[in-house]
Amino acid sequence: MLHGEHTKPHWPRSEGGAFGVDTADPAEAFEIWHEERARSNAIVDAAESLDTTGHFGRDVFSLRYILTHVIEEYARHNGHADLLRERIDGATGG
(Lines give C-alpha, C1' and ligand atoms only; values in the text may rest on other atoms or scores of the structure.)
Protein backbone atom coordinates (compact mmCIF):
# COMPACT_ATOMS: atom_id res chain seq x y z
CA MET A 1 0.00 0.00 0.00
CA LEU A 2 2.64 2.43 -1.08
CA HIS A 3 0.18 5.16 -2.04
CA GLY A 4 -2.75 4.19 0.17
CA GLU A 5 -4.24 1.85 -2.40
CA HIS A 6 -7.12 -0.25 -1.18
CA THR A 7 -7.33 -3.70 -2.66
CA LYS A 8 -9.80 -6.46 -2.05
CA PRO A 9 -8.79 -10.10 -1.61
CA HIS A 10 -9.18 -12.19 -4.74
CA TRP A 11 -10.59 -15.14 -2.82
CA PRO A 12 -13.53 -15.13 -0.37
CA ARG A 13 -12.87 -14.30 3.28
CA SER A 14 -14.95 -17.33 4.30
CA GLU A 15 -11.88 -19.31 3.26
CA GLY A 16 -9.68 -16.91 5.23
CA GLY A 17 -8.74 -15.12 2.02
CA ALA A 18 -6.68 -18.16 1.17
CA PHE A 19 -6.19 -19.80 -2.18
CA GLY A 20 -8.40 -22.92 -2.29
CA VAL A 21 -6.20 -25.58 -3.86
CA ASP A 22 -9.01 -28.11 -4.24
CA THR A 23 -11.17 -25.77 -6.31
CA ALA A 24 -8.42 -23.68 -7.90
CA ASP A 25 -8.47 -22.69 -11.54
CA PRO A 26 -4.82 -22.35 -12.56
CA ALA A 27 -5.68 -20.09 -15.50
CA GLU A 28 -7.59 -17.73 -13.18
CA ALA A 29 -4.75 -17.71 -10.65
CA PHE A 30 -2.16 -16.89 -13.32
CA GLU A 31 -4.41 -14.19 -14.80
CA ILE A 32 -4.75 -12.54 -11.37
CA TRP A 33 -1.00 -12.84 -10.79
CA HIS A 34 -0.23 -11.18 -14.14
CA GLU A 35 -2.70 -8.35 -13.40
CA GLU A 36 -1.28 -7.76 -9.93
CA ARG A 37 2.28 -7.89 -11.23
CA ALA A 38 1.45 -5.26 -13.89
CA ARG A 39 -0.24 -3.05 -11.26
CA SER A 40 2.74 -3.39 -8.93
CA ASN A 41 5.21 -2.66 -11.74
CA ALA A 42 3.30 0.54 -12.56
CA ILE A 43 3.48 1.65 -8.92
CA VAL A 44 7.23 0.95 -8.78
CA ASP A 45 7.82 2.73 -12.10
CA ALA A 46 5.94 5.81 -10.86
CA ALA A 47 7.92 6.04 -7.61
CA GLU A 48 10.54 8.77 -7.40
CA SER A 49 13.04 6.50 -5.64
CA LEU A 50 13.39 3.35 -3.55
CA ASP A 51 13.20 5.63 -0.51
CA THR A 52 9.57 6.54 -1.30
CA THR A 53 7.46 5.55 1.70
CA GLY A 54 3.95 4.33 2.27
CA HIS A 55 1.85 3.49 5.29
CA PHE A 56 0.13 0.33 6.40
CA GLY A 57 -1.79 1.16 9.53
CA ARG A 58 0.66 3.07 11.71
CA ASP A 59 3.72 1.43 10.16
CA VAL A 60 5.80 3.20 7.52
CA PHE A 61 7.60 1.19 4.85
CA SER A 62 9.96 2.27 2.08
CA LEU A 63 9.61 0.94 -1.44
CA ARG A 64 13.04 -0.64 -0.92
CA TYR A 65 11.70 -2.57 2.09
CA ILE A 66 8.57 -3.64 0.20
CA LEU A 67 10.55 -4.94 -2.80
CA THR A 68 12.98 -6.77 -0.53
CA HIS A 69 10.02 -8.37 1.26
CA VAL A 70 8.55 -9.48 -2.09
CA ILE A 71 11.88 -11.09 -3.05
CA GLU A 72 11.98 -12.88 0.32
CA GLU A 73 8.44 -14.16 -0.14
CA TYR A 74 9.17 -15.48 -3.64
CA ALA A 75 12.32 -17.20 -2.37
CA ARG A 76 10.45 -18.74 0.57
CA HIS A 77 7.62 -20.09 -1.60
CA ASN A 78 10.00 -21.33 -4.28
CA GLY A 79 11.85 -23.17 -1.51
CA HIS A 80 8.59 -24.76 -0.40
CA ALA A 81 7.89 -25.91 -3.95
CA ASP A 82 11.39 -27.37 -4.20
CA LEU A 83 10.89 -29.33 -0.98
CA LEU A 84 7.63 -30.74 -2.34
CA ARG A 85 9.28 -31.67 -5.62
CA GLU A 86 12.12 -33.42 -3.74
CA ARG A 87 9.55 -35.49 -1.83
CA ILE A 88 7.91 -36.49 -5.11
CA ASP A 89 10.92 -37.38 -7.25
CA GLY A 90 13.69 -37.81 -4.66
CA ALA A 91 16.14 -35.65 -6.62
CA THR A 92 18.19 -33.14 -4.63
CA GLY A 93 20.82 -30.57 -5.46
CA GLY A 94 21.44 -28.90 -8.75
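1. Which residue of β2 stands opposite Thr53? Ser62 does. Strands here, like helices, are DSSP runs numbered from the N terminus: a strand is E over at least two residues, a helix is H or I over at least four.

2. A note on the basis. This is a predicted model, in which local features need pLDDT of at least 70 and side-chain atom pairs count only at pLDDT 80 or more, while totals for chains, interfaces and linings use all residues. Residues are numbered from 1 along each chain as its sequence is written, and side-chain values use heavy atoms, with hydrogens and water left out.

3. Overall layout. The chain has two helices and two strands. Read from the N terminus, the order is α-β-β-α. Of its 94 residues, 10% count as buried. Buried means under 20% relative accessible area, exposed means over 50%, and partly exposed is in between (1.4 Å probe, protein chains only).

4. The strand pair. β1 covers residues 53-56 and β2 covers residues 59-62. They pair in the antiparallel sense, over four bridges. The criterion for pairing is at least two DSSP bridges between the strands.

5. Salt bridges. How many does the structure hold? The count is three. The test is a side-chain nitrogen of Lys or Arg within 4 Å of a carboxyl oxygen of Asp or Glu. The next three points take them in turn.

6. Arg39 and Glu36. Their side chains meet at 2.8 Å, N to O. Both belong to helix α1; because they are three residues apart there, about one helical turn separates them. Arg39 is partly exposed at 32% relative accessibility. Glu36 is partly exposed too, at 26%.

7. Asp51 and Arg64. The closest N and O atoms of this salt bridge are 2.9 Å apart. Asp51 lies in the loop between α1 and β1, and Arg64 in helix α2, so the bridge ties together parts that are 13 residues apart in sequence. Arg64 counts as partly exposed, with 40% relative accessibility.

8. Arg76 and Glu73. This salt bridge has an N to O distance of 2.4 Å. The two residues are three apart in helix α2, so about one helical turn lies between them. Arg76 is partly exposed, its relative accessible area being 40%. For Glu73 the value is 27%, which also makes it partly exposed.

9. Aromatic pairing. A search of the whole structure finds one aromatic pair. Phe61 and Tyr65 make it, and the pair is stacked: the centres are 5.1 Å apart and the planes are at 25 degrees. Rings of Phe, Tyr and Trp (its six-membered ring) pair if their centres lie within 6.5 Å; planes under 30 degrees apart count as stacked, over 60 as edge-to-face and the rest as tilted. Phe61 is partly exposed, at 25% relative accessible area. Tyr65 is partly exposed, at 45%.

10. Arg37 and Trp33. The charged end of Arg37 sits over the Trp33 ring, 4.7 Å from its centre. The cut-offs are NZ of Lys or CZ of Arg within 6 Å of the ring centre and within 35 degrees of the ring normal.

11. The nonpolar patch. Which residues make this surface patch? They are Phe30, Trp33, Val70 and Tyr74, with an area of about 400 Å². The elements that give two or more residues to the patch are α1 (26-46) and α2 (63-89). Phe30 lies in helix α1 and counts as exposed, at 53% relative accessibility. Patch residues need over 30% relative accessible area and no salt bridge; like charges are joined within 9 Å, and nonpolar side chains (Val, Leu, Ile, Met, Phe, Trp, Tyr) within 5 Å. Areas come from the Shrake-Rupley method with a 1.4 Å probe, and for residues only the protein chains shown count as cover.

12. Asp82 and Thr92. Asp82 is in helix α2. It is partly exposed, with a relative accessible area of 34%. Along the chain, Asp82 and Thr92 are 10 residues apart. Their C-alpha atoms are separated by 8.9 Å.
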